[in-house]
Amino acid sequence: MEARSPVAGVLHTYRLSPSPLTAFESPSSTSSTSILLFVAGLTEGIGSVGFVPPLADALAAVGWTTAQLQLTSSYSGWGSGSVVQDAAEIGEAVAYFRRAGKERIVLMGHSTGGPHFMPARNTS
């Protein structure tokens, strides 16, 4: 597998307990009130889906930022939880970014990351 270019951004910890969960926002912008929250699919996580950095660049051109979420089930954590647990963690990320001033939040999932949003839409 070929290495990817570095991506500048900010690593947010949107939950501390019971185990820390993070979101990588790129480009980082305190002035943007719009964000796309991205959840990768099975065995994937932050930085593992190659089309996300160019998507983030395209969204930045129209005033949006993008955050890739790490869930308990990210990477090799698959099978350690449930879609309901993942949805609750997505809800925590939504709440975190709302508190940070994001007014427009769009959820996007890749592959098995997509179904996580069905229960998440009712949690936040």
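1. **Basis.** This is a predicted model: local features need pLDDT of at least 70, side-chain atom pairs count only at pLDDT 80 or more, and totals for chains, interfaces and linings use all residues. Residues are numbered from 1 along each chain as its sequence is written, and side-chain values use heavy atoms, with hydrogens and water left out.

2. **Fold.** The chain has 3 helices and 5 strands. Both come from DSSP runs, numbered from the N terminus: helices are H or I with at least four residues, strands are E with at least two. Along the sequence the pattern reads β-β-β-α-β-α-β-α.

3. **Burial and surface.** Of the 124 residues in the chain, 38% are buried. Buried means under 20% relative accessible area, exposed over 50%, and partly exposed in between (1.4 Å probe, protein chains only). The chain exposes about 6600 Å², and carbon and sulfur atoms supply 59% of that. Areas follow the Shrake-Rupley method with a 1.4 Å probe; for residues, only the protein chains shown count as cover.

4. **Core.** The largest nonpolar core holds 14 residues. Such a core is a set of buried Ala, Val, Leu, Ile, Met, Phe, Trp, Tyr and Cys residues joined through side-chain atoms within 4.5 Å. Y14, L37, L69 and F97 have the most contacts inside it. Strand 2, strand 3, strand 4 (65-69) and helix 2 (83-99) each give two or more residues. Helix 2 gives the largest share, 4 residues.

5. **Aromatic pairs.** Rings of Phe, Tyr and Trp (its six-membered ring) pair if their centres lie within 6.5 Å; planes under 30 degrees apart are stacked, over 60 edge-to-face, the rest tilted. The count is 2 aromatic pairs. F38 and F51 have ring centres 5.8 Å apart and planes at 90°, so they are edge-to-face. F38 sits in strand 3 (residues 34-39) and F51 in the loop between strand 3 and helix 1 (52-60), so the pair ties together parts 13 residues apart in sequence. F38 is buried at 1% relative accessible area, while F51 is partly exposed at 35%. Y96 and F97 have centres 5.0 Å apart and planes at 90°, so this pair is edge-to-face. F97 is buried, at 1%.

6. **S26.** This residue lies in strand 2 (residues 21-26). S26 is buried, with a relative accessible area of 5%. Among its contacts beyond four places in sequence are V7, A56 and T65.

Key. Contact = heavy atoms within 4.5 Å.
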